[in-house]
Amino acid sequence: TTDVLAILHQRYYEGKPERLAELEVARQNAEIARTIYEQRTKARLSQRELAELVGTSTSVICRLEDDDYEGHSLSMLRRIAKALNRRLEVRFLPITAK
């Protein structure tokens with residue numbers, strides 16, 4: 001195949017459940033970070049303004065919006081949702097082959 005994603009998947013992930021699990025965690029972290037960023041910018045808030053509403057520091061908000069951050073807590077996500085006048089929803093979805 002000439003599809004680069006298929007080649008990478010075959011080379012690094014196919015038949016390697018531990019690598020697939022790591023990839024899924026990375027995808028989840030990136031999705032959470034992206035959602036926080038999108039909701040904050042949609043509300044036209046700076047990181048500093050959101051931090052003040054949440055009762056934390058700007059550096060914490062910056063870390064939460066980082067794709068590589070793995071320390072998202074449910075309590076912090078609830079605080080952010082409340083500050084943005086949003087409802088936090090947690091769902092369990094079936095795992096699908098990627």
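**Exercise 1. Find which element of the protein chain has the lowest mean pLDDT and which the highest.**

Step 1: Over the protein chain, pLDDT averages 91, and 96% of the residues score at least 70.

Keep in mind that this is a predicted model, where local features need pLDDT of at least 70 and side-chain atom pairs count only at pLDDT 80 or more, while totals for chains, interfaces and linings use all residues. Residues are numbered from 1 along each chain as its sequence is written, and side-chain values use heavy atoms, with hydrogens and water left out.

**Exercise 2. Work out how α3 and α5 pack.**

Step 1: Take α3 (residues 47-54) and α5 (residues 74-83): their axes, lines fitted to C-alpha atoms over the stretch in contact, lie 9 Å apart at an angle of about 105°.

Step 2: So α3 is roughly perpendicular to α5, a label for angles of 65 to 115 degrees.

Step 3: Now look for contacts (heavy atoms within 4.5 Å). From α3, L50, L53 and V54 meet M76, R79, I80 and A83 of α5.

Step 4: Sorted by class, this contact has six nonpolar residues, no polar ones and one charged. Ala, Val, Leu, Ile, Met, Phe, Trp, Tyr, Cys and Pro count as nonpolar, Asp, Glu, Lys and Arg as charged, and the others, Gly among them, as polar.

Definitions and conventions:
Axes fitted to C-alpha atoms, helices over the stretch in contact; angles between N-to-C directions. Helix = DSSP H or I, 4+ residues; strand = E, 2+ residues; numbered from the N terminus. Parallel < 35°, antiparallel > 145°, perpendicular 65-115°, else oblique. pLDDT = per-residue confidence, 0-100.
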